[in-house]
Amino acid sequence: MWAFILYLICVEVGGEVDDAETVKVMEGDVLNLQPGVDDLKGDVQILWSFESGRQNTRVAQMHQGKIYTHYNTQFTGRVQLDQKHGILTITDIRTNQSGLYEALIITGAHITGQRYKVHVYAPVSVPAIRSSSSVSVHQSTGTQHKTEDFCSVVCSVKNDRDVSISWYKGSEMLNQTSNPDLSINLSLPLELHYNDPETYSCTAVNPVSNKSVRLHMKEICPRQEDCLDHCGVTEALIRLVLSGLVGITTVGFLIENLRFCSSQRRAASSV
């Protein structure tokens, strides 16, 4: 009993976490924490605790050779404690289980401890690329006239803890951004020349995952001459129908005009 009283005292006075080892894991993965000793021999007691905010609760305990893992309901059915090595295993770890994990090992009068600052991250979202504008720049040099087309695109992703997005040209990073304000999406613009032959991609990362999307220029920023190939059949049909309607209207107008002129001539000749 004295050992656990001593443990509670240690918990109260041991508020500093500078000596804790940092562990980063993805939500849904398995968390394994070593107690800091290679082998548990003899009459050994081990106690794992979890601290988040101002709350500190037991997670698992080995006492007199028996394992107990029923202390915290949020870990129910997902906690294992290895009897030989004292390794704490938590399956299907969740983001709200980020915090300070501590192992206290008592062998007779000898006490050792190990701390871990655990960060649980959700997988990063897949970024999305959209066109923001298209610009034609006309350049004149003497008698030569040249038009260059540019497309501005924006890559965006749902913001979360420690998320950043980057534009890449091949394997070269062009720019990067992040924002501590998690209430807004991350956005990163890029301006490109239509005839640029390089491969561009946008990548979203956090400490445990990354997602990339390749930029398809002719789909995101289609030019008029590329429309039949890249704007889709529907838009091409609409353009064709509109052209036909304009043609029919023009022919109808000409026919009516000819009829009017003919009637005017007949009226003039009959006078």
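This is a predicted model: local features need pLDDT of at least 70, side-chain atom pairs count only at pLDDT 80 or more; totals for chains, interfaces and linings use all residues.
Student: Where is Glu-102 in the fold, and what does its side chain pair with?
Tutor: Glu-102 is in strand β8. Its side chain makes a polar contact of 3.5 Å with the side chain of Arg-115.

Student: What else does Glu-102 touch?
Tutor: Setting aside neighbours within four places in sequence, Glu-102 is in contact with Leu-47, Trp-48, Ser-49, Gln-114 and Arg-115.

Student: How do β8 and β9 run relative to each other, parallel or antiparallel?
Tutor: β8 and β9 run antiparallel and are joined by nine bridges. They form a hairpin with two residues between the strands. Thr-107 stands opposite His-110 in β9, and Gly-108 in the turn has a positive phi of about 65°.

Student: Which way does β1 run against β9, parallel or antiparallel?
Tutor: β1 and β9 run parallel, with six bridges between them. Val-25 stands opposite Val-120 in β9.

Student: Back up a bit. How many helices and strands are there in the protein?
Tutor: There are four helices and 16 strands. The protein has 271 residues, and 31% of them are buried.

Student: What about the surface, and how much of it comes from carbon and sulfur?
Tutor: The protein exposes about 17000 Å², and carbon and sulfur atoms supply 52% of that.

Student: Which residues touch the most other members in the largest nonpolar core?
Tutor: That core has 24 residues, and the ones touching the most other members are Leu-31, Leu-33, Trp-48, Leu-88, Ile-90, Tyr-101 and Val-118. Several strands supply at least two residues each, including β1, β8 and β9. The largest share, four residues, comes from β3.

Student: Take Leu-31. What is it in contact with?
Tutor: Leaving out neighbours within four places in sequence, Leu-31 is in contact with Val-23, Leu-88, Thr-89, Ile-90, Ile-93, Tyr-101 and Val-118.

Student: What is in the second core?
Tutor: The second core is separate and has 20 residues, among them Cys-151, Ile-165, Leu-188 and Met-217.

Student: Changing topic: how many disulfides does the structure hold?
Tutor: The structure holds one. Cys-155 and Cys-202 form it, with their sulfur atoms 1.9 Å apart. The link is left-handed, with -85° about the S-S bond.

Student: Now Ser-98. Where is it, and is it buried or exposed?
Tutor: Ser-98 is in the loop between β7 and β8. Its relative accessibility is 18%, so Ser-98 counts as buried.

Student: Which backbone atoms lie by the Ser-98 side chain?
Tutor: A polar atom of the Ser-98 side chain lies 3.1 Å from the backbone oxygen of Thr-95. The backbone nitrogen of Val-120 lies 2.8 Å from a polar atom of that side chain. Not counting residues up to four places away, Ser-98 touches Phe-50, Ser-52, Val-118, His-119, Val-120 and Arg-161.

Student: Last one, Leu-174. Where is it, and how exposed?
Tutor: Leu-174 is in strand β13, residues 172-178. Leu-174 is partly exposed, at 36% relative accessible area.

Student: What does Leu-174 touch?
Tutor: Beyond residues up to four places away in sequence, Leu-174 touches Trp-167, Tyr-168, Lys-169, Leu-190 and Tyr-200. Leu-190 is 16 residues from Leu-174 along the chain, and their C-alpha atoms are separated by 9.1 Å.

Student: And how does β12 pair with β13?
Tutor: β12 and β13 pair in the antiparallel sense over six bridges. Lys-169 has Glu-172 in β13 as its bridge partner. The hairpin has two residues between the strands, and Gly-170 takes a positive phi near 65°.

Note on methods:
Residues are numbered from 1 along each chain as its sequence is written. Side-chain values use heavy atoms; hydrogens and water are left out. Buried means under 20% relative accessible area, exposed over 50%, partly exposed in between (1.4 Å probe, protein chains only). Accessible areas come from the Shrake-Rupley method with a 1.4 Å probe; for residues, only the protein chains shown count as cover. Contact means heavy atoms within 4.5 Å. A nonpolar core is a set of buried Ala, Val, Leu, Ile, Met, Phe, Trp, Tyr and Cys residues joined through side-chain atoms within 4.5 Å. A polar contact is a pair of N or O atoms within 3.5 Å; within protein, one must be able to donate a hydrogen and the other to accept it, and residues adjacent in sequence count only if both atoms are side-chain atoms. A disulfide is a pair of cysteine sulfur atoms within 2.5 Å. Two strands pair if DSSP finds at least two bridges between them.
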